[in-house]
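Let's take a walk through this protein together, one piece at a time. Have the structure open beside you as you read.

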Amino acid sequence: MPNVIVDWLAEHVEIDPKISAENLAADFVKVGLEEEEIHSSGLKGPIVIGRVLQQIPEEQSNGKTINWCVVDVGNEHNVTLKDIEKGGEVSSEITSKISNPETDLIGRGIICGAHNFKVNDLVAVTLPGAELPTDSGEPFKIAARKTYGHISDGMIASGAELGLSDQQLKNLGITPVDHGIIVFEPNSNDAKANANSNDTKANAKSNDTNANPKDPNSNDTKSNNTFSQLQPGDNVLSILGLDGETLEINITPDRGYCFNYRGLGREYMHSTKSKFIDNFAKYNQAALEKLTPNLEQNINKSGDSFEVQVDDQRPINGNLGCTNFVTRTIKNVNPNAATPQFIVDRLEGMGMRSISLAVDITNYVMLDLGQPLHAYDAANLEAPIVVRRANTGENITTLDDANHILSDEDLLITDSPNGKSASRIQGIAGVMGGAQGEINDATTDIILEAAYFDKISVARTSHLHKIHSAAAFRYERGTDPLLPLAASQMATEMICEFGGGSEAGFYWYRSDDFSENLSAQTVAYNFKRVTEYLGTEIPTDTQIEILREIGCVVKGTATDKSVDVTLPTWRPDLAENLDNQQYLIEEVARIYGYDKIPLTYPSATNGTNYSRSEKLTDKAKQTLAGSGLTEVITYPFVAENEFRELTFADQFPANFWKKNTNMDDVNQTARVNIANPLNAQKKYLRTYLLSTLLEVAELNINRKNSEFNIFETGKVFLPNSARFFYSKETMNEDQDADVPNQPNSAAAIFTTGNMPFVSAMESLETLAKSLFLEVKFANVTSKNQFAILHPGRSASVQVGGALIGYVGEFTPAIQKAYGLPKHSAGFEINFDKLISTATSQKVYQFKPLPTYPAASEDLAFVMPADKVIGDVLKAAKTAHPMIEDVKLIDIYQPEDSENSSLKSYINAIGDQIKSVAMSFTFRKSDGTLSPDELRAIRSICIKKIETELKAKFRDA
């Protein structure tokens, strides 16, 4: 996040130069720019200038020589001669100047182990009470300490102890010495100051602007203090610029215009209503005055111009990659010209290092105005520059010495050596330049580039090649398309001023739709809609004033229902939602002040405001949970093998779900691919809930939890050509062809008990009953068999005569693949269909609790193997009015009927048979069942079941 340098900000908006970082943060937070951190040097005073009055070397027993010093630190901090003599000897040269040892202030006695100073030198002294930063984070506190036989009443400090690097010391005009203290040498910095004062160009620049530019000779510039004017007691923190705090702010990605001081100045103006100073008009006008029109449309040039062409054959989303490109030719630049110190300081304050004059100025202008620039060595560039898309397989070595294989979507800057147009790549447009045209120590002639590149094009290239440069960072958030002209003018002036060069040529290319693109961003702004969005009324004249303040052109009056608003070119974020003017309303609320918008609460209404469908959905979930199932929620992403296993036999080739099946052989319309998956291994959207629910089951089993019943309700994603068990009524026929249908499904997995299959069926019955529906189970054919369910132990689920899903045991292959216990079962149903069918309102009829005991008896029947268990249970439950409940105990189907214990039943029923054991509960409402009554009821039940199911009672 960017730091806010106050004196730089002051060049764009009126601001108190002494404002605290805390108050600055409070001003910015009003307009949504939150404080990230307030940085400080970690130093606390008193840390002052001291003049060395005495330096007596003393050799120690360990062979080290220390200096016993007396240092004048100003009368505010000096002590008397008598106090100094308590710590050690004071030279006669000092004592001879003292008239009253008890009252006259002279200095402080200090021990120092460094030797790079002498008497009368000015040094930095940390006095008792001062605090220095340490790597541990705990400050090092300075106090009077006895050491080497003396009392050291302070410490003479080095640059490292004050947290300054050697480069920072050099920037301040101080010669760094390894393990040496800071010595303020008057000569070096005076010469520097005198040289700057004679620079008439610098002075002229300072006097020729109303933007309050940083003056290199200004007395408040820390790096240009004349050290000869320093006096003992002066504040070192102020002199070295270590007394201030720097505010770092947090800027959201949609507000890319704030990553420069032009944008920050405008935001500070919104917050405080201070006067905003926009240098754009000045630089833009200066550039326009230098141009002469060319006969060719949308091209201006002057002098020894460097031609630009744009040949974008593959624009992304129909938008040209470049619509505006400016080149400036600057000759005879001094390659040894140093970057002015105020630019170096500001760049370092923003986290950038100084490289060379030309590069530093391009970075400086980018941070100042927001326009990325690039400087080329003219000796390595041949006209014309051509902006084009890359050809597949081309490559470039960028300035960071990385080689990149280019794609045909990458936009390039190329030149034309030996007359071959666009044949040599000079850089990736808006991202990073190439090593070919890099500025070097011998560069004297410069071609300066300032262009507007499409943000989508830059973003794709930047992320593809993982080049996250400062330029790409800004381009992909959207830059001001009008800035290239003004920014190139500002950079050209600075290079000529500080580098001694002169401008030799100017070329400005614009595409045919450049002007049209700029004027197209207009929206009808409806005042009523603002009130609806914000829940409060803001006066219409205030809204218009705010819109104009953020740079919009407003056509209309406050008495109109709506006005036409043309957006400022530097706010591309506002153009993202023009249809409903939402972003403009947000801007009005932000500038008006969120604190001025009163809190309003919705009034309470009768009922829950739930739709009937929502109520039934909640009821269905509660019923499943009440039946002993645990609800889970999973991500809808599945891998190739998971997609393969959950299919229907008639949807894909017969061998589709085998492990060695190639997904490329599968009909593409039978799956939904994710274009940019979060996980490369899970690149499909689930077609069934069981695909992700099985992953949860496998996870539990791997963690030694093998007994569970779980369910989930959620969306599945179906290609428009594949309906599976989802009926036509629950599919959205008007759905966009590029968006899959997304019906709601419900699925469950059962692993507990002796017969999970029966538990799954009973859960479905309970679920249907809670919605006043009746569920039926039917046999499935080989054609519509759900591939993950066992062919002989599964059934289709029907409600209201319509197929809504399947229930049954998982196949042995699925049980093995996911580690499921034997006979694990599950179901998946069309939840939308289930809920939509439950439309009738019914009244509960409660019965009194029984007062007489029940009688129970287990009965077993042998029947044809194709009888559906649901039909068996239904026949059993309706066999007699006194049957209260029937529960399935066991199902046994022999592998070989000829050798089974059921051989005696084969002639009566057939070869394919099974034995079904059920537990019957009988109860009489008005008395206790006698043994004779129970035998009679039992006989009736056996006879009815035998008749309806073609079964035989198994009496042995």
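Is Arg923 buried, partly exposed or exposed? With a relative accessible area of 22%, Arg923 is partly exposed, since buried would mean under 20%. Keep in mind that this is a predicted model.

Arg923 has a partner, too: Glu884 forms a salt bridge with it, and the closest N and O atoms are 2.6 Å apart. Glu884 sits in strand E41, while Arg923 is in the loop between strand E42 and H28, so the pair ties together parts that are 39 residues apart in sequence. Why can such pairs form? Side chains of opposite charge can pair when their charged atoms come close.

Now look at Arg938, which makes a salt bridge with Glu857, with 2.3 Å between the closest N and O atoms. Here helix H28 (residues 931–949) supplies Arg938 and strand E40 supplies Glu857, 81 residues apart. Next comes Glu933, bridged to Lys924 at 3.0 Å. Lys924 counts as buried because its relative accessibility is 18%, whereas Glu933, at 29%, counts as partly exposed. The count of salt bridges comes to 30.

Let's move to helix H15, residues 483–499. Its 17 residues should span 24 Å at 1.5 Å a residue, and its end C-alpha atoms are 23 Å apart, which agrees. Of those 17 residues, 16 are buried, so H15 is largely enclosed by the rest of the structure. Just after H15, Gly500 takes a positive phi of about 75 degrees.

Finally, find the open sheet of three strands, ordered E1-E14-E2 with antiparallel pairing. Strands E1 and E2 are the edges, each pairing on one side only. Helix H2 (residues 21–29) packs on this sheet and touches E1, E2 and E14.

Note on methods. Residues numbered from 1 in each chain as written. Predicted model: local features only at pLDDT ≥ 70, side-chain atom pairs only at ≥ 80, totals over all residues. Heavy atoms only, no water. Pairing = 2+ DSSP bridges. Helix = DSSP H or I, 4+ residues; strand = E, 2+ residues; numbered from the N terminus. Contact = heavy atoms within 4.5 Å. Axes fitted to C-alpha atoms, helices over the stretch in contact; angles between N-to-C directions. Expected span 1.5 Å × (residues − 1). Buried < 20%, exposed > 50% of the residue type's maximum accessible area, 1.4 Å probe, protein only. Salt bridge = Lys/Arg side-chain N within 4 Å of Asp/Glu carboxyl O.
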